[in-house]
Amino acid sequence: MKQHFPEKRRHPRMPVISNLIEPVNLHYKTADGKETSLVAILADLSASGMRMISFLGAPLADKFSISLQLPGTGKMEVQARLAWVKQRENVYTIGIEFVKMAEKDAKIISEMADDFNDCDTRILLKLPEVCVGTCKCNKICNKIQKDEALFEGN
């Protein structure tokens, strides 16, 4: 029997599309004050956090800064905290909560996630025209329904 848990997320989340492997560099200070970093792969993203995959371990600090850049968004500097870590053999799945992010960056990510999820709804409803020219997620979309002609010149 499948259990249903209430949604705790404050913002819509979108997966990072399979053909876009986005490395994220986490910068942090260890307990002894040593500056270090860890590179991980972005798996999904919302305006309030993200999930990452690492083969190099998990961050050894509770708080850190992140430089994030997705196609078409520009560089985003984020202050974050470690929410959770799950380890399976040598693969670490890491949950990150954003503590401080520029309002404009949070808006960009929320709009991308909203458009991604709206598109999924149109696909599920089997609407004839799924892709729309106003989609803010188009630069990272690889859905088979994507109409490339809508975004030429962008």
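Reply: Lysine 126 counts as exposed, because its relative accessibility is 72%. Here exposed means over 50% relative accessible area, buried means under 20%, and partly exposed lies in between (1.4 Å probe, protein chains only). This is a predicted model, in which local features need pLDDT of at least 70, side-chain atom pairs count only at pLDDT 80 or more, and totals for chains, interfaces and linings use all residues. Residues are numbered from 1 along each chain as its sequence is written, and side-chain values use heavy atoms, with hydrogens and water left out.

Lysine 126 sits in the segment after α1. Its phi is positive, near 55 degrees, and it is not a glycine.

Step back into α1 itself. This helix covers residues 103–124 and has 22 residues. Helices and strands here are DSSP runs, numbered from the N terminus: helices are H or I with at least four residues, strands are E with at least two. From first C-alpha to last, α1 reaches 31 Å, close to the expected 32 Å. That expected span is 1.5 Å times one less than the number of residues. Which residues of α1 are buried? They are Asp105, Ile109, Ser110, Met112, Ala113, Asp115, Phe116, Cys119 and Arg122. An α-helix has 3.6 residues a turn, so residues three or four places apart point the same way.

Phenylalanine 116 has a charge over its ring. Lysine 143 lies over its face, 3.8 Å from the ring centre. The rule asks for NZ of Lys or CZ of Arg within 6 Å of the ring centre and within 35 degrees of the ring normal.

Threonine 93 is in contact with Arg51, Met52, Ile53, Trp84, Val85 and Lys86, leaving aside neighbours within four places in sequence. Contact means heavy atoms within 4.5 Å. Threonine 93 lies in strand β7. Its relative accessible area is 18%, so threonine 93 is buried.

Now follow the strands. β7 spans residues 91–101 and runs antiparallel to β6, with 10 bridges joining them. Two strands pair if DSSP finds at least two bridges between them. Arginine 81 stands opposite glutamate 97 in β7. The hairpin of β6 and β7 has 2 residues between the strands. Glutamate 89 is found in that loop. Glutamate 89 is not a glycine, yet its phi is positive, about 55 degrees. Is glutamate 89 buried or exposed? It counts as exposed, because its relative accessibility is 69%.

Lysine 63 stands opposite arginine 81 in β6. Serine 65 has glutamine 79 as its bridge partner in β6. The β5 and β6 hairpin has 3 residues between the strands, and glycine 72 in the turn has a positive phi of about 85 degrees.

β5 also meets β2, residues 23–29. The two run antiparallel, joined by 3 bridges. Histidine 27 has serine 65 as its bridge partner in β5. In a regular strand the side chains alternate between the two faces of the sheet. β5 shows such a pattern: Phe64, Ile66, Leu68 and Leu70 point to one face and are buried.

What about the cysteines? The structure holds 0 disulfides. A disulfide is counted when two cysteine sulfur atoms lie within 2.5 Å. For cysteine 135, the closest cysteine sulfur is that of cysteine 137, at 5.3 Å, so they are too far apart for a bond. Cysteine 135 is buried because its relative accessibility is 12%. Cysteine 137 is buried as well, because its relative accessible area is 1%.

Last, the whole chain. It has 1 helix and 7 strands. From the N terminus on, the order is β-β-β-β-β-β-β-α. Of its 154 residues, 41% count as buried. Among contacts between residues at least 6 apart in sequence, 50% join residues at least 24 apart.
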